[in-house]
Amino acid sequence: SDHMENIYGYLMKYTNLVTGWQYRFFVLNNDAGLLEYFVNEQSRHLKPRGTLQLAGAVISPSDEDSHTFTVNAASGEQYKLRATDAKERQHWVSRLQICTQHHTEAIGKNNPPLKSRSFSLASQGSANSPGVQRRPSQNAVSFFGVGHHRLPTGKRVPIMQPDHLVDVREMMSQAEGQQRDLIRSIECLPVSGHLTSLDQDLLMLKATSMATMNCLNDCFHILQLQHASQQKGSLPAGTTISWLEPKISLANHFKNGAAQNFPAEINKPASVREEQSIAEPCQLTREPEEINPDEELEDICDDKEDDLGAVEEQRSVILHLLSQLKLGMDLTRVVLPTFILEKRSLLEMYADFMSHPDLFIAITNGTTPEERMIRFVEYYLTSFHEGRKGAIAKKPYNPIIGETFHCSWRMLKSDIATDAGGNFSAHPPSEQVTLSKDLEGQTELDYYTVKFVAEQVSHHPPVSGFYAECVERNMCVNAHVWTKSKFLGMSIGVTMVGEGLLSLLEHGEEYTFSLPCAYARSILTVPWVELGGKVNINCAKTGYSASINFHTKPFYGGKLHRVTGEVKQNTTNTVVCRVQGEWNSVLEFTYSNGETKYVDLTKLSVTRKRVRPLEKQGPFESRRLWQHVTESLRDGDIDKATEHKRALEERQRNEERLRAETETPWCTKYFLKEGDGWVYHKPLWKTVSAAQTQQTDTN
């Protein structure tokens with residue numbers, strides 16, 4: 001075609017939330033069917049920074065504006081690009097679509113479909129029919145009559161063209177019917193005996209077959225969109241390819257496909273009725289409450305999540321849940337079964353990342369900007385280990401909108417290091433739980449206090465804000481996090497979208513930072529957590545920055561929980577510190593002067609947080625709000641915990657519905673919306689600034 005010439009030029013490419021948009025030099029290689037990009041035009045002779053195969057890709061103009069478009073490769077990789085104006089976007093989109101169509105059709109002509117293999121699934125009738133009375137020697141495969149059928153010899157399947165999508169739909173309908181027969185056959189089996197409907201292999205077959213059909217439906221959806229784009233020349237503006245919603249409501253399918261039955265209202269425990277009848281939050285006082293740290297007591301809860309019992313017992317529930325999910329599906333609105341929950345709210349989990357307040361306070365004691373940046377990186381990397389409760393991956397409670405969590409830590413001033421590199425204490429494990437007893441008999445002048453508050457500021461999307469400060473050291477940290485979770489097959493990925501800001505008022509420095517992604521792996525066996533992704537820490541005033549990579553374990557070989565990073569001076573591009581190791585084990589810091597320091601995170605002292613007793617907490621403070629769910633989980637009563645959890649969620653839905661009907665906006669208590677983020681209503685930098693202004697006026 002005359003339009004099949006190679007084109008090249010600069011486009012903006014979206015990298016991630018932190019880095020944002022960056023100019024890159026793109027080259028469309030029509031002969032190879034590739035879209036390549038380089039850092040700039042001068043590096044064009046080098047290896048491309050990235051390459052997308054265009055065969056089978058979908059080029060889609062965005063409805064965000066008239067400049068943006070996306071290239072969705074068949075591999076699942078996506079480039080989000082932005083041209084300088086609408087005319088340039090149309091030029092790139094039309095050339096990319098021509099190249100994509102050419103190479104997609106070439107693959108179809110050169111690669112006829114393989115001979116098909118299908119499963120023949122015999123319907124077995126009811127559980128009482130003779131066909132179901134299985135002999136012990138039979139296995140599941142022979143019982144369900146799974147076999148392979150070859151196409152008649154000499155009969156070639158024509159190459160699939162867009163006009164034959166109807167035939168594909170027909171074949172998929174037949175497969176769906178066979179899959180339904182399979183499910184029916186499994187569910188008709190007796191609940192006891194040699195082969196039951198709860199047989200682990202059959203449940204696995206049930207889950208994977210349903211997931212496979214869901215994925216095939218998604219693929220067919222993409223083919224239909226490609227067919228439409230070929231007929232019309234381009235996809236309509238704003239068209240996107242997204243994962244379809246589950247066909248079955250997950251909230252009603254807790255136990256092997258059956259709806260969970262809850263007692264009638266009159267039979268509900270008083271605590272459940274109380275949870276449902278708490279007044280609308282905006283009708284309560286939304287005035288910020290000043291928490292007196294003297295009312296808080298050392299936390300005695302020690303809920304380690306190492307118990308696999310409930311997970312093992314409820315394996316069939318997990319399998320049924322997985323059968324309803326689709327790859328890439330957003331799990332934000334999915335109601336997960338109660339037994340996979342850990343006994344704390346997500347807001348409290350953020351507080352547990354502050355379990356080394358001595359390292360936090362020691363940041364501002366650094367004598368130079370370089371030392372302060374290194375200390376912040378050291379603190380940052382030591383925070384994740386204690387944030388996880390045990391080795392088993394469980395999910396904290398999704399906070400209710402308006403939910404809050406308060407706590408504080410006290411540290412003896414003599415325990416805070418001032419010398420470089422000396423800010424790591426290593427009390428034996430036996431001392432970790434009794435560390436705060438050293439404070440007995442001390443006056444307020446002898447210790448530092450770190451206060452913490454968190455609030456769930458939004459429900460859809462789920463956004464949490466948290467803030468911590470040490471007034472005596474003139475330092476505070478403010479952050480907001482939007483948790484986006486997706487189903488990835490045999491794991492679940494959680495992206496922590498948002499940004500944190502550490503302020504060292506004594507030095508006039510601000511450090512911005514992001515958070516890594518988290519993954520729950522092996523969700524069918526022993527679930528475990530790993531962190532992944534690149535995070536950045538920057539201080540604009542000093543010109544120091546840090547880049548930290550959390551490495552996910554490769555499929556073959558490699559270490560678990562590996563992390564690497566470096567601190568550099570941006571102006572000179574000089575690396576002043578390198579770090580490597582495991583974020584939950586041992587970290588090795590190497591400094592520019594040649595010194596090396598090893599930190600064993602398992603031996604670091606942990607300062608217990610201080611929390612108000614339940615009777616002094618407000619109705620929307622995390623521990624009081626979730627107390628009945630937590631107590632039921634501790635007692636191992638999953639049904640009761642589910643009932644209490646459901647009551648809280650139902651109340652939240654009713655309140656949300658009422659606000660929508662009355663057009664009443666939600667009122668936050670501690671955090672205010674500023675731009676795309678959320679900021680504590682009375683941050684230390686404002687109060688200190690106001691105090692300094694007042695002092696100046698007095699003088």
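A residue is called buried when its relative accessible area is under 20%, exposed when that area is over 50%, and partly exposed in between. These classes are applied below to a predicted model.

The chain contains 15 helices and 26 strands. Of its 699 residues, 48% are buried. The chain exposes about 34,900 Å², and carbon and sulfur atoms supply 52% of this area. Among contacts between residues at least 6 apart in sequence, 63% join residues at least 24 apart.

In total, 24 salt bridges were counted. One of these pairs Arg344 with Glu342, with the closest N and O atoms 2.3 Å apart; both residues are buried. Arg344 and Glu342 also belong to a network of salt bridges that links them with Asp299, Glu348, Asp352, Lys609 and Arg623.

A further salt bridge joins Glu649 to Lys645, where the closest N and O atoms are 2.9 Å apart. Because the two residues are four residues apart in helix 14 (residues 638-662), about one helical turn separates them. Glu649 is buried, at a relative accessible area of 17%, and Lys645 is likewise buried, at 7%.

Lys686 forms a salt bridge with Glu674, the closest N and O atoms lying 3.9 Å apart. Lys686 is in helix 15 (residues 684-698) and Glu674 is in strand 25 (residues 671-674), so the pair ties together parts that are twelve residues apart in sequence. With a relative accessibility of 39%, Lys686 counts as partly exposed; Glu674, with a relative accessible area of 42%, is also partly exposed.

Key: Residues numbered from 1 in each chain as written. Predicted model: local features only at pLDDT ≥ 70, side-chain atom pairs only at ≥ 80, totals over all residues. Heavy atoms only, no water. Buried < 20%, exposed > 50% of the residue type's maximum accessible area, 1.4 Å probe, protein only. Contact = heavy atoms within 4.5 Å. Areas by Shrake-Rupley, 256 points an atom, 1.4 Å probe, with all protein chains shown as cover. Salt bridge = Lys/Arg side-chain N within 4 Å of Asp/Glu carboxyl O.
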